Structure formats: C-alpha cells, structure tokens
There are 2 protein chains.
Amino acid sequence: MKVLIVEDEPVSRKKLEHFLVRWGYEVVTARNGREALRLFQKEPVPIVITDWVMPEMDGLELVNAIRQLDLPEYVYIIMLTAKSDQKDLITGLEVGADEFVSKPFNQEELRARLNSGERILKLEKSLARNNAELKAANEQLQAANRQMKLDLEAAARIQASILPAEAPDIKGVRFSWQFRPCDELAGDIFNVFKLDEKQIGIYVLDVSGHGVPAALLAFSLSQMLSPILDQASILKKYANSPPGYRISPPQEVLIHLNNRFQIDTENGQFFTLLYGIFNTETRIFRFASAGHPGMILLPFEDSARLVQIPSLPIGFLENNQYEEHTLQLSPGDRLYLYSDGISEAENSERELFGVQKMMKILENARNAPLENSLTSLFDAVEDWANSKSLKDDATLLAIEITPS
Amino acid sequence: MKVLIVEDEPVSRKKLEHFLVRWGYEVVTARNGREALRLFQKEPVPIVITDWVMPEMDGLELVNAIRQLDLPEYVYIIMLTAKSDQKDLITGLEVGADEFVSKPFNQEELRARLNSGERILKLEKSLARNNAELKAANEQLQAANRQMKLDLEAAARIQASILPAEAPDIKGVRFSWQFRPCDELAGDIFNVFKLDEKQIGIYVLDVSGHGVPAALLAFSLSQMLSPILDQASILKKYANSPPGYRISPPQEVLIHLNNRFQIDTENGQFFTLLYGIFNTETRIFRFASAGHPGMILLPFEDSARLVQIPSLPIGFLENNQYEEHTLQLSPGDRLYLYSDGISEAENSERELFGVQKMMKILENARNAPLENSLTSLFDAVEDWANSKSLKDDATLLAIEITPS
C-alpha cells in the first residue's frame, strides 16, 4: 500500500521512510503541505502521514485541503504531532485527521496505527466496491425495465386506439363507459359502434387472465369484431338483396367465435363475451352472452334487476349453441354491461364486491348523470378493494334511453 | 453513542466511565471479557474499550469473540494496554482491535481515538445504509422485471403456438424454416399450411418495429390468415359450386388486408407480406408481395436469382392494387422467403448483409440438406452482426422441390 510522508525535517522524513519501506509500504515523500497536495492531486494515495508544523502549508491545511477533494476512495490520515493539547487534537479531528501519533514517534505505535488504518481502508473499499456493483446492477435493471415498460406503453397506445374515442351520436340514446386495465395491456375490451343508421353494436369481452398474453387475444378479437363491412367481417356481411348487407344476429357471432376459438389446453385461454344490437327505433336490445356476467337493468321508475343468462364462455365446448335474448327498453331506462373485474373485486377478506352492491349504488345514482353513476360505482369498488389499482381489468359500459 | 467499557480494575473502570459520560457517551460496563460478551450478545454496542489483562476472559479473547459474531454493523474496538511491546500490538491487531491506548490513559488521547472511531463508524454506516437501500431497490427492480418477463414469456408461448409445429407432409416438396424473434414477442410471423389436397398456402409477414406493439398486430394478422374455412376466412371462402369453397388468389388477400389496415398515423404501424400458393401437381407458385423483400430462387442446376416485386407495404396507399405473379418450379429447385431481419442485418460499420451474400451462401450450400442451408445462412448473418441476438426479428422459410 502506498503512503505519502509529509515532513519538513529531513532526518525525521528519512527515518519515517526507512521504517515504512521496511514494513513493506511503498513511499512517496513531500517537504510541506503544498508539495504534498500537488503530488496528491496528481495521484491520490490511500494513507497520508503528515507533520503538523511545516512551512508553506502546514499539516492542518493539508488535511483540510485533502478532505475538500472529491476522491473515489477514503484517505486515511495520520498526523504526527508534538502537541498534546486536547484542543489541538480536537482541531485536527475536526478538519478530518483520523489519527495522531506523538512525535518523536514510537515505532510500534506508528506501525499499529498504520495497520489499523489499512484494515479500515480495506473494509471501506469492500463496501464501496459492493456499492458500485449494486449501483451498476441497478442501472442495468432499470434500463431493462424502462425498455420493457416503453414497449408495453407503445403497445397500450395501439390497444387504446381501437377503443371507441367517443360514443356514437344518436338521438334518444346515450352511452358512457369507464375502462381500467390493471396492467399496461388489457385482456378486457369493449366497443360501441353503428352497424347501420338504426342499429348499434355493443360488446364487452374479457379474455381469461390479464397482461400481455390476454391482450394478444383481446386485440385480435377486437380486430375481428370490427363493424367495417368487408368480406371477412363477422358482424356484418355482404348480401345480394338490399341494403346489400346483412347484420349477423348476436348468437351467430358467438357461435362463429366459438367454432374458431376452442380453448387451447396448453395456455388455457378462453373469453367471455356479451354482444348485443340496440335498435334505436324499436328500443329493443337483442343480445347473446357467452359466460359473461349479467347486465344490470335499471328501469326508469323501478328497482334494478340483474339480467343474467347462464351460458358457457367461448372456447369451453365445441359446437355449443348460444341463444338470442331481447330486452325492451323504455325512455329513462339504464342498462349496464361490465366485466368481472368489477363484480368480483375482492376486499382484504377476499369477499367479492358482488352485484347486489352494484345495483344498490346504481339505484342511488339514478338521478345523477349517467357518467356520474359509473364514477360512483368505480369509487365504491376501489374503496372495497382498498386500492386505486384493481387486480383485474375492469370495464363498465352504460346505455341510457333519453327520458321522454 | 453507546460505549462498552470492559475493565476488571474498579477505579480505572469508574474513571473511564466518568470521562466518557462527561464527553456525552452512553456507557455500559463489564468487569471481564465473559461479562462483556454476554452484554454484547444481548445488545451490540458500536464502540468497545477493553482492558487487556483480565480474569475469566481477557481482552484479546473478547476482541476475537466479538469479531466472530455476525453483526449488522462494524464495532470499533479500542484496547487499553500497559503493553508497549510491538509483538503484543501486532497480536491485538491480528485478532481485530482497531486501536490501542496506553494505560494509564491520557484523556486527550482517548478522546481523540474515540472521535476518530466515531467518524469511521459513521462513514461505515452511511455506506452500509447506502448498500442496503441499493439492495432493496435491486430486489424490487428484479421482481418487477421478473414479472414482466414472465408475462412476456407467457405471451410468447401463445404466439409460438400459432406457428406451424411441423411442415405439412406432402409428396414431392419439402419445407424448412428458422424463426428468431429479437425480443420475447415477434413482429414477424409466417405459416405453411394445406389449403386443400393440392394447394399449400405460404406466407411471411413483417410488422414494422418489433416487440409487443408489433406482436399485437402480427398476432391478429396470423389469426386472420388462418386456413380454417369459416365465414370470416380471408384465404378460403365458401362457394356454392363444388368443391364448396374458393381459394382466394394471393393478390386478393393483399388487397383485402390493405383495405382493412391503413397505416395509423399515430403509431405508424404497417407491414410487409409475401403470400403465395404452391400447387403440388403443377409445381406453380402463385404469389403476391406487399413491399416484402424479394425471394431467392435457387434452380437445381443454375445460379441463384432474386425474385423481387416492386410493391408497397400493406397500409401505405389506400386502394393500392397488388398483382399476382407466378414461378414455375422444377425438381431440385429451392425457393427462399425471408424477412428483412436477415437481408438488412448490420455489421459494426452499419453495412447491410444484403442479398448478394445470401445468394452466395445458399448456392454454396446447394448440396447440403435444406435445413443446413438455412443454418449456414443464419450463422453467416450472426457472424456479420457479430451477435447471436439480431436487432430485428428474422424469419427464413425454404421450399424444395424434391429432386427427381
């Protein structure tokens, strides 16, 4: 280990050098503080032994100057001093000396101090190395994390771009929704769109699981459930007779998807879906459900009721039949579709939120604007889960027939 | 700060306690090493001042015992000693004492040593705290990372499940491929499948970008380009006349997709696609390309040539027309489809690998089995990029007409 000896008195300097070299240290010497500091700035040395009283720059000034430098490693400083006044020692400690050895020095004492300093430096060094390694690992992890997050966020923007930007503007009916993926990417997906001038397509879909695996399938399904009329459209097909297309009945859409997506035994993915078509003239809502949680119907002047259709999720059973159901809606009625991220949100006792509470909240909010009723429900669910971030994707979609 | 004083001699012990309390230390005392160790094991103390010669357990044994303990923080140990023999001091240092103060002690000296010890302990402590914080941050990051990675790996398995497990077994023609996503999820995708008893559908598709955003679209497209005959199938459609279906010509598939996927100005996603139909009877390969890199045709006894169709990627231009092209293949011919992850792999000078090199390598491998020619090409590309992990997804798909 390298030691810098700073001593103006030549005999004492030589003597120090002699012993230190004999004890196996590599030695550099300086005749005063200024010279020492110059040497030190060129190349820091782990241990410094410095005299106190010297010309040009004394020991105290040197210690102070070294402690001001921004050094990568700790420097252990021993001051040689004839001073034994406690006040002096305190001053020395205050500027940053580690140890004092009385002058003229005692060999054993000096050697013991040096050994002690070395041990401390080694300890410091190992901690500092540890620190540096951890920091580097940290930065790598953070970079990897950031990269993955950016990637997922970019994907989330793509996913968001297929959600409806705003509700179709249709006289006599209003739509409102809230959609909260629990990860960057969602396994829930929904849409509201015009199928033609009188018919509105509406669906809420929930792929099992969440995160990227669920999102892959959800995104594919949302592409397939596009209302764009082309030769591959599921919702709307070309027809020879006017109006030149035929809107697929809800159960036909479900049967089609069930034929196409049988559960993959390897990854076990399946999905629930509620698809309906609302006729703005007749106010009839035709729908079919594939294992999806029931809708909540809140009639204008009646209590809420659950419209639950027992059925299997898509992918559970080959050739399963799905049925069409209808609801006659009236002015002032509200109809709520949702995913189980809401009804099955758990509290700390793992109790489910449940539809009873949902109905109660929606009833209480019946005089509030449609949007507010959704917010009230979400607030209550978050209170229940005691968290702003639910454990599953949550979708809530509401239809209101404008009160006459 | 707490100091443990270990001294068998009552007067000396009292005196030490007196000064330390006056200097502001909290003091515990013990009469010998054994008592001290018991106290210490109950509650570690940051600084220990111990006499050397004591009954029951002496100072050296105590220091040694403390250093054997697995302590969360460093303990600074000062030995009081009348011994001034260098050998003794060295022994003390060896078992782990930090400092020696001669006995009877000098107030100033002791106080200076204590101050010095305190400073070192503080430094250690701040480094150790830093260390602990970094470690905790590290663990959190690692957990988050692991979670994201697991999620992506699960998604990658879903994506992999839609790739062909094995080539269709058809007399007279062989297929081989290599597929290397650069991230967990790929924006490249390909497939080889029977459209009917005589016709094989083949495509290679490359969504711009890579990672999860590209994978979302690639996965959706692979679902749409499924050879399953249903009412939404793009590749194969129900027909009234026998055989009850009609296989869509390649350009029709591209036009369909181009109508459906116009480039989204927000995320700028588009894709290139080469789709072809190989007739196993006539050995004619009908294909259409949407901005996809050219195929390499390696005739049985002729040099390789590039079959490049200038065309626009899907999504670039609304109502763009795509054309059908044909290649008459003969026994012994090989045809290679690929994505630009191969042809545009860069070396350290950012030069592209290029089709010239590809053709050369495939020519050189013409007598090797089809699989080996793919491996040779991939090896060369990895050498070029000087990396096993390329910067873009890379797909390589080969068809060989069995030599007669």
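Let's start at a loop. Pro104(B) sits between strand S5 (99-102) and H5 of chain B, in the loop that links them. Helices here are DSSP runs of H or I with at least four residues, strands are runs of E with at least two, and both are numbered from the N terminus. The peptide bond from Lys103(B) into Pro104(B) is cis, with omega near 0°.

A word on the ground rules. This is a predicted model, where local features need pLDDT of at least 70 and side-chain atom pairs count only at pLDDT 80 or more, while totals for chains, interfaces and linings use all residues. Residues are numbered from 1 along each chain as its sequence is written, chains are lettered from A and ligands numbered from 1 in the order in which they are written, and side-chain values use heavy atoms, with hydrogens and water left out.

Back to the backbone. Chain A has a cis bond too, from Pro242(A) to Pro243(A), with omega near 5°. Pro243(A) is in the loop between strand S9 (236-238) and strand S10 (245-247) of chain A. Why mention these? Most peptide bonds are trans, and most residues other than glycine have a negative phi.

Glu56(A) is not a glycine, yet its phi is positive, about 70°. Look for Glu56(A) in the loop between strand S3 (47-51) and helix H3 (59-68) of chain A. Glu56(A) is exposed, at 58% relative accessible area. The scale is this: buried is under 20% relative accessible area, exposed is over 50%, and partly exposed is in between, with a 1.4 Å probe and protein chains only. Now Asn386(B). Its phi is positive as well, about 55°, and it is not a glycine either. Asn386(B) lies in the loop between helix H10 (370-385) and strand S17 (394-401) of chain B. Its relative accessible area is 71%, so Asn386(B) is exposed.

Next, the overall layout. Chain A is assigned domain 1 (2-129) and domain 2 (164-401). Those bounds come from an automatic or database domain assignment. How far apart are the C-alpha centres of the two domains of chain A? They lie 77 Å apart.

How do the two chains relate? Chain A goes onto chain B by a rotation of 180° with 0.2 Å of shift along the axis, at an RMSD of 0.3 Å. That is the relation of a two-fold axis. The superposition is by least squares on C-alpha atoms of residues with pLDDT of at least 70 in both copies. And 100% of the interface residues of chain A are interface residues in chain B too, so the copies meet through the same surface.

Let's look at one piece of the meeting. Helix H6 (residues 211-224) of chain A packs on helix H5 (residues 107-161) of chain B at about 35°, with axes 6 Å apart. The axes are lines fitted to C-alpha atoms over the stretch in contact, and angles run from 0 to 180 degrees between N-to-C directions. From H6(A) come Gly211(A), Val212(A), Pro213(A) and Leu216(A). From H5(B), they meet Asp151(B), Leu152(B), Ala154(B), Ala155(B), Ile158(B) and Gln159(B). Contact means heavy atoms within 4.5 Å.

Take helix H7 (residues 250-260) of chain A: eight of its eleven residues are buried. Among them are Val253(A), Leu254(A), Ile255(A) and His256(A). Which elements cover them? The cover includes H6, strand S11 (271-279) and strand S12 (284-290) of chain A, together with helix H6 (211-224) of chain B.

Now two buried spots in chain B. Ser248(B) is in the loop between strand S10 (245-247) and helix H7 (250-260). It is buried, at 1% relative accessible area. Its side chain reaches the backbone oxygen of Ile234(B) at 2.6 Å. Beyond four places in sequence, the contacts of Ser248(B) include Val253(B), Tyr275(B) and Ile277(B).

Asn320(B) counts as buried, at 14% relative accessibility. Its side chain makes a polar contact of 3.3 Å with the side chain of Tyr322(B). A polar contact is a pair of N or O atoms within 3.5 Å; within protein, one must be able to donate a hydrogen and the other to accept it, and residues adjacent in sequence count only if both atoms are side-chain atoms. Leaving out residues up to four places away, Asn320(B) touches Ile255(B), Asn258(B) and Leu312(B).
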